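This briefing concerns the pockets of one protein model and selected residues in it. Please examine the sequence and the structure before reading on.

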Amino acid sequence: MNAPVRKIIHCDCDCFYASVEMRDDPSLRGRPLAVGGRAEQRGVIATCNYEARRYGIHSAMATAQAVKLCPDLILIPPNMEKYRVASRQIMDIYRDYTDLVEPLSLDEAYLDVTNSPHCKGSATLIAQEIRRRIHETVGITASAGVAPNKFVAKIASDWNKPDGLFLVRPDEVDAFVAVLPVKKLFGVGKVTAAKLHRLGAQTCGDLRDWNMDKLQQHFGSFGARLYDLCRGIDDRDVNPVRERKSISTEETYTPDVPDLEGCLALLPDLYEHLLGRIKRNNAEKFINKLFVKIKFADFQRTTVECVGYAPNMTTFRHLMETGWLRASRPVRLLGVGVRLSDTETVEQLSLFDERATH
């Protein structure tokens, strides 16, 4: 007996932080607005409204560059507590319809409503009702995509932004995906997209002419994923428990840190912040690697990591020295962190302790 066709909703709010600010101060509406750090402190844009996007401004852009593009840009510092309050309201609305909610950020989530009894089992009606309730309760707009899988639902949610809804029925998936640019495929960044273009694949339809062997020859294990995605196949479950893969803390410095001695002097403060984050996440027993991240003044980045089952200042010092020597120039950002395994590393810890005592 075949499994029922899944009903997946991808829902996210339109320019979330900026929308909350415009809700609280209606005089900001219709004017280019961004939420982010200040230009003189090397801040970046967290999000911006559609008026600002018309100037070419986007998330993760340096604030200094954004202000050059739009000298009249209104810049507001992030108010994370306010956004978290709105986030809790949004997530509560999502969970009224299904327990299978996979948050991707404060406002964005996948919902599996295949077996939801609400709205006569119609995923489209559920999505409409969720969007209406977010507008009434939180005071901002949301967009949604409805499809048989996560990949197609996420693309669909962008289709009619802002304040839109787009449905891709199971028998429409093939044609919908065929015309998509390859850069829309999950996991395809600029480098992979450029390589696909060089090899003659502009759309998912083009990519379907390639067999599995050719895809794996050019893209390794990711080739199998490309083979499925360009056909609209995505069997990933909606996972209500998102596993953290790492915990880290980082700091951008103005002016640049001039030398290795200066970097090492900043390490204890970063280390203390990291210990606090590990403790808050109850992650002590899941650590399996330690790493240091460095961004130099010329924006070159490097990450150095090693196996380790607990934070260790001496190890972080060694990693930082190794990383700094790769470029030996002033530094604008330093970060320290730990990578986490899926299971507790108690056995490895006890083995390590026994070796240390002999």
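The model is predicted: local features need pLDDT of at least 70, side-chain atom pairs count only at pLDDT 80 or more, and totals for chains, interfaces and linings use all residues. Residues are numbered from 1 along each chain as its sequence is written, and side-chain values use heavy atoms, with hydrogens and water left out.

**Overall architecture**

- The protein contains 14 helices and 12 strands, where helices (H or I, at least four residues) and strands (E, at least two) are DSSP runs numbered from the N terminus.
- The C-alpha trace spans about 65 × 55 × 45 Å along its principal axes.
- Of the 358 residues, 42% count as buried; buried means under 20% relative accessible area, exposed over 50% and partly exposed in between, with a 1.4 Å probe and protein chains only.
- Among contacts between residues at least 6 apart in sequence, 62% join residues at least 24 apart, a contact being heavy atoms within 4.5 Å.

**Largest pocket**

- The largest pocket holds about 630 Å³ of space. On a 1 Å grid over the protein atoms alone, a pocket is an open set of points where a 1.4 Å probe fits, with protein on both sides within 12 Å along at least five of seven lines. Grid points are joined across faces, edges and corners, and the volume is the space filled by probe spheres set on the points.
- Its lining consists of 30 residues, of which His10, Asp12, Glu108, Lys154 and Asp158 lie nearest the centre; lining residues have an atom within 4 Å of a point.
- Two or more lining residues come from each of β1 (8-13), α1 (16-24), β3 (45-48), α2 (50-53) and α6 (150-159), and α6 gives the largest share, 6 residues.
- The lining divides into 11 nonpolar, 7 polar and 12 charged residues. Ala, Val, Leu, Ile, Met, Phe, Trp, Tyr, Cys and Pro count as nonpolar, Asp, Glu, Lys and Arg as charged, and the others, Gly among them, as polar.

**Second largest pocket**

- The second largest pocket has a volume of about 370 Å³.
- Of its 17 lining residues, Gln41, Arg42, Gly43, Thr252 and Arg332 lie nearest the centre.
- At least two lining residues are supplied by each of α3 (63-69), β9 (246-257) and β12 (331-340), with the largest share, 4 residues, from β9.
- By class, this lining has 5 nonpolar, 6 polar and 6 charged residues.

**Glu108**

- An unreviewed UniProt entry annotates Glu108 as "active site"; such annotations may be inferred rather than shown by experiment, and UniProt positions are given in the numbering used here.
- Glu108 is placed in the loop between β5 (101-103) and β6 (109-112), and it counts as buried because its relative accessibility is 13%.
- The side chains of Glu108 and His10 are joined by a polar contact of 2.7 Å. A polar contact is a pair of N or O atoms within 3.5 Å; within protein, one must be able to donate a hydrogen and the other to accept it, and residues adjacent in sequence count only if both atoms are side-chain atoms.

- Ser157 lies in helix α6 and counts as buried at 2% relative accessibility.
- A polar atom of the Ser157 side chain lies 2.8 Å from the backbone oxygen of Lys154.
- Leaving aside neighbours within four places in sequence, Ser157 is in contact with His10, Asp12, Ser143, Ala144 and Gly145.
- Phe219 belongs to helix α10 (residues 212-219) and counts as buried at 13% relative accessibility.
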